Amino acid sequence: MGIDRRTLFKAGGVVAAAGALPTAVPGAAAAAPSAPGLTTRNPLVEQRADPFVTRPVDGMYYLTGSVPEYDRVVVRGAPTLDGLATARERTIWRRPASGPMGGYIWAPELHRIGDRWYVYFAAGDSDDPFRIRTYVLESPNADPRASGWLPPKRMVTGWESFTLDATTFEHRGKRYFLWAQSEPGIATNSNLYIAEMASPTSLATAPVRIAVPTLSWEVQGFRVNEGPAVLIRHGRVFVTFSASATDARYCMGLLTADENANLLDARSWTKSPNPVFATNAETGRFGPGHNSFTVQGDTDVLVYHARDYRDITGDPLFDPNRHTRVQKLYWNEDGTPAFGVPVGAGERAVQLSPYDARELVVRHAEFRLRVEGNVREVADSWFRFTSGHLGASTVSVRSVNYPDRYVTAGDGVLRIEPYADTDDYGRATSFVKVPGLADPSGVSLRLLDDPGAYVAHDNGRLVVARPGGGRAERARATFVGR
């Protein structure tokens, strides 16, 4: 039997959504998930940098972001994240032809505060487009796409200097403003600041500096801390931010404070020593950053932009192809976020857990498959189910962070190995997916050439086994997606 080359990794693949593993159907690439999951579009929206997606408001998600022309503020809305891809986009404000705010328009954020909508954005002047300051639009309407936005007001911060990337959040009955600014006397392009707000359009306290770019990954090209985004979980306040120039060196860092701490005390904040999200050449995603967070049900969702190529001609700021992307945000056992890597093309990644050990996941370590708990290298536990290399009645399992590698079981040892254009490789990487031996809501993977042999876990290893009729044996050969 020859390899069906239409299904090879060079042509992409079909992936299982978490909790809904695909079923191979003769004559089809793969079945659609049986239940709706996180959108599998990658990118979600092209040429929208600095993306901000609201949490659902009255059943609607709203998206805004920088447009390549840097000349207007746009909003689109849909009842699902996936629907944002094709939703009609409305321009709610356009820069004037001259004067203040007539320059570059950057990084709008849309927030529902009380019964009104607010958009915080950065704007330069027509005679100096890089004289960037922060402004706010306000609307009394229930739908932010509607007309009727009030004229922008200037947000007054600590200094008359370069100011951008403002966000706002509420915590313990107080509303805070968090932004990036160039502070006189500090030799950086921008630092991060926080203040309490008196109203959605004014500050109540003086700025407090909570982050300065000093680490090697924060000062590549430019000395930058910008694009803060807030997520409050597990007793802590997390702030992601972006650093360095806006090319492939752009990356994300993380600040953390205890939820009971004084957020206006700089000593409350700790910066992680390494970037938490960065360029990944294997997946072909470059310069991920300027993120926001939303949710789908109980799932936290990371929203960010990235390019799908490294080399840029000219100033990267004017390269238009920073696309809006989304992927599931995972959590470590200690309650800290696990970002993994920016995923490549294809549908959503899935983690696989043994049916009888749901706290564990399948992962690869040094390209061998294992079953472990508390996997901090979370991308090592992401896989995609694709149509099998030996026909539509089979499936193959593709690594997400090494997308040229597939799970192989040719010699009884489970590994991920680089694609090879041979029938032997196709046979070793093709499985028959059947309903879970212990529970039909799960999945079991049967070897193609041996109808009695299945992928199973055994004391931390992933092995080929021949489960009998005992429930424990069948449970070890059954996996569930998450």
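**Pockets, cores and a hairpin**

By class, the residues lining the second largest pocket split into eleven nonpolar, five polar and seven charged; here Ala, Val, Leu, Ile, Met, Phe, Trp, Tyr, Cys and Pro count as nonpolar, Asp, Glu, Lys and Arg as charged, and the others, Gly among them, as polar. Keep in mind that this is a predicted model, where local features need pLDDT of at least 70 and side-chain atom pairs count only at pLDDT 80 or more, while totals for chains, interfaces and linings use all residues. Residues are numbered from 1 along each chain as its sequence is written, and side-chain values use heavy atoms, with hydrogens and water left out.

Back to that second largest pocket: it holds about 440 Å³ of space. Of its 23 lining residues, Trp-106, Phe-162, Glu-226, Thr-246 and Leu-317 are the closest to the centre. A pocket here is an open set of points on a 1 Å grid over the protein atoms alone, where a 1.4 Å probe fits, with protein on both sides within 12 Å along at least five of seven lines; lining residues have an atom within 4 Å of a point. Grid points are joined across faces, edges and corners, and the volume is the space filled by probe spheres set on them. E5 and E9 each put at least two residues into this lining; strands (E, at least two residues) are DSSP runs numbered from the N terminus.

The largest pocket comes in at about 560 Å³. It has 24 lining residues, and Arg-55, His-111, Thr-168, Phe-169 and Val-230 sit closest to its centre. Strands E1 (49–53), E5 (105–113), E9 (163–171), E14 (225–233) and E18 (286–296) each give two or more residues to the lining.

Now for the packing. The largest nonpolar core has 28 residues, and Trp-106 and Ile-194 are among those with the most contacts inside it. Such a core is a set of buried Ala, Val, Leu, Ile, Met, Phe, Trp, Tyr and Cys residues joined through side-chain atoms within 4.5 Å, with buried meaning under 20% relative accessible area (1.4 Å probe, protein chains only). E15 gives the most to this core, with four residues. A second, separate core of 21 residues includes Phe-383 and Phe-431.

Finally, look at strand E32 (residues 454–458), where four of the five residues are buried. Five bridges join E32 to antiparallel strand E33 (residues 461–465); strands pair if DSSP finds at least two bridges between them. Ala-456 stands opposite Val-463 in E33. In the hairpin of E32 and E33, with two residues between the strands, Asn-459 takes a positive phi near 50 degrees.

Notes
Buried means under 20% relative accessible area, exposed over 50%, partly exposed in between (1.4 Å probe, protein chains only).
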